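Biologist: I have a new model open and would like to learn how to read its features one at a time. Could you walk me through it?

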Amino acid sequence: MGSNSRKVTEINKSYVRQQEREQQLQDAIQSKRKKGLRRRLTAMAVTGSIIAVVLAVILITQWQTLHAKETERTNLEKQYTEMQAEEEQLRQDIENYHDLDYIAEVARSDYYFTKQNETLYKMPDESAE
């Protein structure tokens, strides 16, 4: 009976050793999988961060460009309005310079021309007081 128990003990020991090796192998495989998973997750996080930064830079650049264009548009609209007012004034001037009475009035007030037997008196402006 002693030899049988020795064989059983050796079989148990070899079985236990085999189970321990398999467990170590499984642990090593799981460790490699965890490392691989960590690497993949890290790579994905880095890639995601880079993409987020690039998108943020593009968004900020487009916002700045849009803001500059809106400012330029506002300025151009302002210039357009001023030019329209100037054009209207010039059209009125053209119309006035075709009127002989207006030309005579301008000649009298600005150049001191008078009609025959007429005396012109220049009064000071009220704004000069």
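Modeller: Gladly! Let us begin with Glu 95, which counts as exposed because its relative accessibility is 54%. Keep in mind as we go that this is a predicted model.

Biologist: Thanks. Where does Glu 95 lie?

Modeller: Glu 95 lies in helix H1. This helix covers residues 2-97, while helix H2 covers 100-111. The chain has two helices and zero strands.

Biologist: Which residues form the negative surface patch?

Modeller: Glu 95 is one of them, together with Glu 88, Asp 99, Asp 101 and Glu 105. Helices H1 and H2 each supply at least two residues of this patch.

Biologist: Let us turn to the aromatic rings. How should I describe a pair, and how many aromatic pairs does the structure hold?

Modeller: The general idea is that a pair of aromatic rings is described by the distance of the centres and the angle of the planes. Here the structure holds one aromatic pair. The ring centres of Tyr 97 and Tyr 102 are 5.7 Å apart and the planes meet at 70 degrees, so the pair is edge-to-face. The cut-off behind that step is that planes over 60 degrees apart count as edge-to-face.

Biologist: And how accessible are these two tyrosines, Tyr 97 and Tyr 102?

Modeller: Tyr 97 counts as partly exposed, at 49% relative accessibility. Tyr 102 is partly exposed as well, with a relative accessible area of 25%. Both values make sense once you know that partly exposed is the class between buried, under 20%, and exposed, over 50%.

Biologist: Now the charges. What is the idea behind a salt bridge, and how many salt bridges does the structure hold?

Modeller: In general, side chains of opposite charge can pair when their charged atoms come close. This structure holds two salt bridges. In one, Arg 73 pairs with Glu 77, and the closest N and O atoms are 3.2 Å apart. In the other, Arg 91 pairs with Glu 87, with the closest N and O atoms 2.8 Å apart.

Biologist: Why are Arg 73 and Glu 77 separated by about one helical turn?

Modeller: Because they are four residues apart in helix H1, which puts about one helical turn between them. Arg 91 and Glu 87 also lie in helix H1, four residues apart, again about one turn of the helix.

Biologist: Which residues form the nonpolar patch on the surface?

Modeller: Val 46, Ile 50, Ile 51, Val 54, Leu 55 and Ile 58 do, and together they have about 530 Å² of accessible area. Take Ile 58 as a case: this residue lies in helix H1 and is partly exposed, with a relative accessible area of 41%.

Biologist: What about Lys 115, which segment holds it?

Modeller: Lys 115 lies in the segment after H2. This lysine is exposed, with a relative accessible area of 53%. Lys 115 and Ala 104 are 11 residues apart in sequence, and their C-alpha atoms are 9.5 Å apart in space.

Biologist: Finally, what share of the chain do buried residues make up?

Modeller: Buried residues make up 3% of the 129 residues in the chain. The chain exposes about 12700 Å², and carbon and sulfur atoms supply 56% of that area.

How values were computed
Residues numbered from 1 in each chain as written. Predicted model: local features only at pLDDT ≥ 70, side-chain atom pairs only at ≥ 80, totals over all residues. Heavy atoms only, no water. Patch = residues over 30% accessible without salt bridge, like charges linked within 9 Å, V, L, I, M, F, W, Y side chains within 5 Å. Areas by Shrake-Rupley, 256 points an atom, 1.4 Å probe, with all protein chains shown as cover. Salt bridge = Lys/Arg side-chain N within 4 Å of Asp/Glu carboxyl O. Lys, Arg positive; Asp, Glu negative; His and termini not counted. Charge placed at Lys NZ, Arg CZ, Asp CG, Glu CD. Buried < 20%, exposed > 50% of the residue type's maximum accessible area, 1.4 Å probe, protein only. Phe/Tyr/Trp six-rings, centres within 6.5 Å; stacked < 30°, edge-to-face > 60°.
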